[in-house]
Amino acid sequence: MLTGKKILVGVTGGIAAYKLPHFVRLLKKSGAQVQVICTQSALQFVTAETLSVVSENPTLVHFFDEKTGMWNHHVELGLWADAFIIAPCGSNTLAKMVHGECDNLLLTTYLSARCPVFIAPAMDLDMYQQPAVTENLATLAKRGVTIIDAEEGQLASGLIGKGRMAEPETLFSTLENFFAPPNTHFKGKNILVTAGPTFEAIDPVRFIGNQSSGKMGISLVEQLISLGANVTLVLGPSHVDVPQNCKLMRVTSAQEMMDACSSVFPNMDGLIMTAAVADYKPKDYHSFKIKKNEDDMVIELVKNPDILKTLSLNKKENQFCVGFALETNNIEEYAKKKLNEKNLDAIVLNTVSNQTGFQSNTNQVKIFGKNNQSLETAIQSKEEIAVIILETLNSWIFE
Ligand code: C5P
C-alpha cells in the first residue's frame, strides 16, 4: 500500500503514455497522492484532462498557469514528492536528464527533486539498443536513478523486440516494493543457494544435462545480498554473471554439488535449492571418448543423491530449507507431497511456457508453505519473482 505517499508522475511523449491513466489509478487506489507533470509532446498521446481526473489534481505542463499566471513551483514539487517516476521516459528526455537540460517543467522538477527517481524508458527497439541510449541509462543508474527496464513485445512501429514501457502493474509494484517495510529477517543470515544445472559425464566430452540457466537462483542471490544476507552460491555449469559479493563454489555434477552443499550447510541458517539437479547419472564413466560402433547404444543410469532431501531431513530446528520444482500437472498435490517427503519449509513451483521456466528472463511461480499457505505470482521478471519469493519466505518462515 502507498497510503499517504506523495508521488510525482512525469509523462513524456510516446505511445505508452496512453497507459498512464491506468497507472495513476493504481496509485490512487493504493492511497497515494499523485501530481502529474507532462511534457508538451506527452499531450499528443494522453490528455491533461484525463490525467487530472484520475490523479484528482490539475495536470501541470508549463512553468506558469496559462490562465492565472500562477507559477508552478518546480522546487516545491521536487521537495513535496516522496518519489518521482517518469513514465514513459523517451530518449529525448533521457538525454536531457543526463546533461542537466531544463527546458520544460518536468526536467526542471527532476533537477530540483531530492526524492528517489524512477524512470520507465520506452522507445523503438533500435533506439533502445543505441549506444547513446544505453550509455545514458547507465549514467542515470550510476547517479542513483532506478531504471524500470523496458519489456519485449510488439512495438508501435510493428517491430517486435525490447522497448515497450513496463506495464503499469510493474511500475506500481516497483514503487510498492520500494516503500514496503524492509524485509529484515535475512539480514546477517548465512544462506546457501544452489543454482544452474548439473552435468553428469558419460565420457570426457559427453554428458547428461538440462536446460537450466541459473538465472532464477542468481536473481535470488542478488536480492538476498541486497537484504544483507551472507550468501554462499553453489553453482552448476552456468554462463550467467555472478554477483561479486557472494561466496561462489562452482561444481559440475550432482555429487560435487552434494559434497559442496554438505560441507557448508552446518553453518547455514537456510538453504534455497533452485538447482536443476540431474536425477540420474551414467553408471560407468568412460575415461576415453566412446567410439561410434553399433547402431544402438545403451547407457545404464543410476540415481543421484537427493541433495535437498538429505540435508533437509537432518536440518537443525533453526535452519530452513526451500525447494524448487518444475511440474506441469497436479502441481498442488505434488507440492504437498514434496514438502512432506523432503521436510521442507516451502516449495516454489515453476511453470513452463515460452515466457517462463528454463532460460527465460521471466517466470511465474506458485509457492506452497508447510502450514498450507500458497501464493501464485503473475508472469514477471525473475528479479521481481525473487523479491516476491523472499518476501513470502520472510513472512511464512520467520513470523
Ligand atoms: O524431487 P524433485 O526433483 O522434483 O525436487 C526438486 C527439488 O529437489 C529442487 O529444489 C532440486 O534442487 C532438489 N533436488 C536435489 N537433488 C536431486 C534432485 C532434486 O536436491 N537429486
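Me: What percentage of the 399 residues of the chain count as buried?
Reply: The figure is 49% of the 399 residues. Buried means under 20% relative accessible area, exposed means over 50%, and partly exposed is in between, using a 1.4 Å probe and protein chains only. This is a predicted model, where local features need pLDDT of at least 70, side-chain atom pairs count only at pLDDT 80 or more, and totals for chains, interfaces and linings use all residues. Residues are numbered from 1 along each chain as its sequence is written, and side-chain values use heavy atoms, with hydrogens and water left out.

Me: How many helices and strands does the chain have?
Reply: There are 13 helices and 21 strands. Helices (H or I, at least four residues) and strands (E, at least two) are DSSP runs, numbered from the N terminus.

Me: And what does the C-alpha trace span along its principal axes?
Reply: About 85 × 50 × 35 Å.

Me: Which domains does the assignment give?
Reply: Domain 1 covers 6–179, and domain 2 covers 190–287 + 295–397. Such bounds come from an automatic or database domain assignment. The C-alpha centres of domain 1 and domain 2 are 38 Å apart.

Me: OK, sheets. What is the strand order in the open sheet of 5 strands?
Reply: The order is β2-β1-β3-β4-β5, and the pairing is parallel. Two strands pair if DSSP finds at least two bridges between them. At the edges are β2 (33–38) and β5 (146–147), each of which pairs on one side only.

Me: Which helix packs on that sheet?
Reply: Helix α5 does, touching β1 (6–11), β2, β3 and β4. The direction of α5 makes about 140 degrees with that of β3. Contact means heavy atoms within 4.5 Å. Angles run from 0 to 180 degrees between N-to-C directions, and axes are lines fitted to C-alpha atoms, for helices over the stretch in contact.

Me: How many bridges join β3 to β4?
Reply: 4 bridges join β3 to β4 (residues 117–121), and the two strands run parallel. F84 has V117 in β4 as its bridge partner.

Me: What kind of peptide bond joins A87 and P88?
Reply: A cis one, with omega about -10 degrees. P88 belongs to strand β3 (residues 83–89).

Me: Back to α5. Why is α5 described as largely enclosed?
Reply: Because 7 of the 8 residues of α5 (residues 105–112) are buried, the helix is largely enclosed by the rest of the structure. The buried residues are L105, L106, L107, T108, T109, Y110 and S112.

Me: What reaches the backbone nitrogen of L106 at the start of α5?
Reply: A side-chain oxygen of N104 comes within 3.2 Å of that nitrogen.

Me: At what angle do α4 and α5 pack?
Reply: About 40 degrees, with the axes of α4 (residues 91–99) and α5 10 Å apart. On the α4 side T93, K96 and M97 meet L106, L107 and Y110 of α5.

Me: Different topic. Which strand does β8 join through 6 bridges?
Reply: That is β11 (residues 230–235), which runs parallel to β8. V193 stands opposite L233 in β11. β8 also pairs in the parallel sense with β13 (residues 270–273), over 4 bridges. In that pairing I191 has G270 in β13 as its bridge partner.

Me: Is β8 mostly covered or mostly uncovered, and how many of its residues are buried?
Reply: β8 (residues 190–195) is mostly covered, with 5 of its 6 residues buried.

Me: What is phi for E56?
Reply: About 60 degrees, a positive value although E56 is not a glycine. Most residues other than glycine have a negative phi. E56 sits in the loop between α2 (48–55) and α3 (74–80). Its relative accessibility is 59%, so E56 counts as exposed.

Me: And where does N343 lie?
Reply: In the loop between α12 (331–341) and β17 (346–350). N343 has a positive phi too, near 55 degrees. At 30% relative accessibility N343 counts as partly exposed.

Me: Last one: is K366 buried or exposed?
Reply: K366 is buried, with a relative accessible area of 17%. Its place is in strand β19 (residues 365–369). Leaving aside neighbours within four places in sequence, K366 is in contact with I331, E332, I347, V348, L349, L375 and E376.

Definitions and conventions:
A polar contact is a pair of N or O atoms within 3.5 Å; within protein, one must be able to donate a hydrogen and the other to accept it, and residues adjacent in sequence count only if both atoms are side-chain atoms.
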